[in-house]
Amino acid sequence: MPESTTEVQVPLTLPKTSEDPELLKIRHSMSHVMAMAVQQLFPAAKVTIGPWTETGFYYDFDNPVPFSEADLKAIKKEMGKIIARRLPLQRLEVTRAEAEAKIIANNEPYKLEILAGLEEPITLYTLGDTWWDLCAGPHVAHTGELNAKAFELESVAGAYWRGDETKAQLQRIYGTAWRTPEQLTEYQRRKQEALRRDHRRIGKDLELFSIEDEAGAGLVFWHPRGARMRLLIEDFWRVAHFDAGYELLYTPHVADINLWKTSGHLDFYAESMFGPMQVDEREYQLKPMNCPFHVLTYASKLRSYKELPIRWAELGTVYRYERPGVMHGLMRVRGFTQDDAHVFCLPNQIGDEILKILNLTEEILSTFDFTNYEINLSTRPEKSIGEDAVWDLATNGLIEALNRKGWSYKVDEGGGAFYGPKIDLKIEDAIGRMWQCSTIQLDFNLPERFDLEYVAADGSRQRPIMIHRAIFGSLERFFGIMTENYAGDFPFWLAPEQIRLLPVTDEVIDYAEAIQAEFQKAGIRSTIDRSGERLGKLIRNGEQQKIPVLAVIGIQEAEQQSLSLRSRRQGDLGIVSKTNLLTAAQEANHNRNADLTFTE
RNA sequence: GCCCUUGUAGCUCAGCGGUAGAGCACUCCCUUGGUAAGGGAGAGGUCACGAGUUCAAUUCUCGUCAAGGGCUCCA
């Protein structure tokens, strides 16, 4: 059997903790078992909290010496012993004073802090005769209900007490737990699957991009294949924007630091910015955002209400200082290109403009097979600027557009930016993960700071409404998400190398070259495998590199001006004439199809 | 930035106090082979970087940088 590089279907559905009360008990109890095991092995460890997660559980400890991965083995073994003893878990309702006395007797400072925040009735759960934990439950009746073959300790990590980085650093141990060993195996298989899809892995294997140590962390090098894909994405994006009534801008990468003072970024965004640079007598700042440039472009002349709405988009490359340790492949980098756009419009145009943006967003995302969205509407926070009337108008504009689009959404009350309400959109990928990409934000701040105006019908000067929006978010991040979504099996139109020609013998090289030249003229990306290996090897290499179509060429094909096609997605397509393949490939490119279709 | 782990050939990884190894990839030779690995030979490494311990460091210790898993923060 050849090793499989194609999609594996998921046979077993795994329950989520939040949807399975019994599993919730198992995981919750498992965290107590782990805490007991840890305190048996490390008597100095102080307990804090230990909740369930969607795939398992964790527990945070304060231990004088950080746990190492090696400790996990011993802890797991100890847990196994506790499970084997079938220890009962019992709920006890106690008074605050009783709980406090017990906690003090055990010298558990964090528990004391937790207790202070608890409301009556106060409950604790005992595990066996000696160990207990403040807990609301629920739990299994005894540890015999836990399957010692269906759990695993996964990793240790640092975590902050109460999630606050100014507070104590705790040691978190993550575990996973299931009802059956089969479920555990399936969970581990899925983790493997996510690993197989990892864009960093695929990016290296398929030579799409790299991040070079010598250049610095978080700076992306797009290699020819990745750059070709990015170009195809950008080309599509540009045409879609022109069609949607946008104009495109190019703006500088640096600007006088005073611009960033005016925009306010120097005040509230400085810690995310690269440091300034001295040039002649002026200080310059690398741009972390494109907005001020678009605003300056708007302000470069007096605008009439007749010009509005103005829709300007730019693939704008920005640089942001990200703290060491937060960079992650293409998902989180220091230099990236936003598909940024700003719409300047009249107050009564908000609803229409937002709806147009939602339509364009759907058009663009669905082209990459992202069709499930989760939408959040964030409204006015406590600390904010602007008048109530403007906030109401803007928020209602967003709601009106969402309703007209027919998209359901959740409201994040008070979750908006200080300068305006916003819509965030998350996309779901092939293995069910959600990713935030698109955002649409109203901005009452920048127009004010830059004193933007237009001349209204009555001759008065008015402030335009400004809308920020990005659909991909950043090209880098989107590229990473898309790569994981396709697991590197890109649709035909997007594949950097679409057709690989595999000559069976040297005699047919001339024919292959003629085809390649013809394809190149027709905008079809093909290469010839000249390695001289046997066909089996050529097929193997082509499959491993996830080339959509492999075209075998032998004497027979050369004589009849045809190719023998093997498609990654569609399987064996048999012998197809050169002309038919060319037509089908051009058609797929034009319509951005994943597959080839042959008319005859 | 913080906690844990890691850094050996282009890739995936062994190794270890006495100055390096495998498979794949690469180059050359033989093979002209029809749908997932034909055979042979060769080349390739300041063992991330800097200090320390030692007669001797890729190996032990410390620091720096980077990566991975998390926390915090975020496109």
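Leucine 501 stands opposite alanine 551 in strand E25. This is a predicted model, in which local features need pLDDT of at least 70, side-chain atom pairs count only at pLDDT 80 or more, and totals for chains, interfaces and linings use all residues. Residues are numbered from 1 along each chain as its sequence is written, while chains are lettered from A and ligands numbered from 1 in the order in which they are written.

Strands (E, at least two residues) and helices (H or I, at least four) are DSSP runs, numbered from the N terminus. Two strands pair if DSSP finds at least two bridges between them.

| Strand paired with E25 | Sense | Bridges |
|---|---|---|
| E23 (residues 499-503) | parallel | five |
| E26 (residues 562-567) | antiparallel | four |

On the E26 side, serine 564 is the bridge partner of valine 552.

Is E25 buried or exposed? Five of the five residues of E25 (residues 549-553) are buried, so the strand is largely enclosed by the rest of the structure. Here, buried means that 20 or more other C-beta atoms, placed from the backbone, lie within 10 Å of the residue's own. Val549, Ala551 and Ile553 point one way from E25, and Leu550 and Val552 point the other way.

Now for a pair of helices. The axes of H1 (residues 21-41) and H2 (residues 69-84) come within 9 Å and cross at roughly 115°. Axes are lines fitted to C-alpha atoms, for helices over the stretch in contact, and angles run from 0 to 180 degrees between N-to-C directions.

Conventions
A residue is buried if 20 or more other C-beta atoms lie within 10 Å of its own, exposed if 12 or fewer, and partly exposed in between; C-beta atoms are placed from the backbone.
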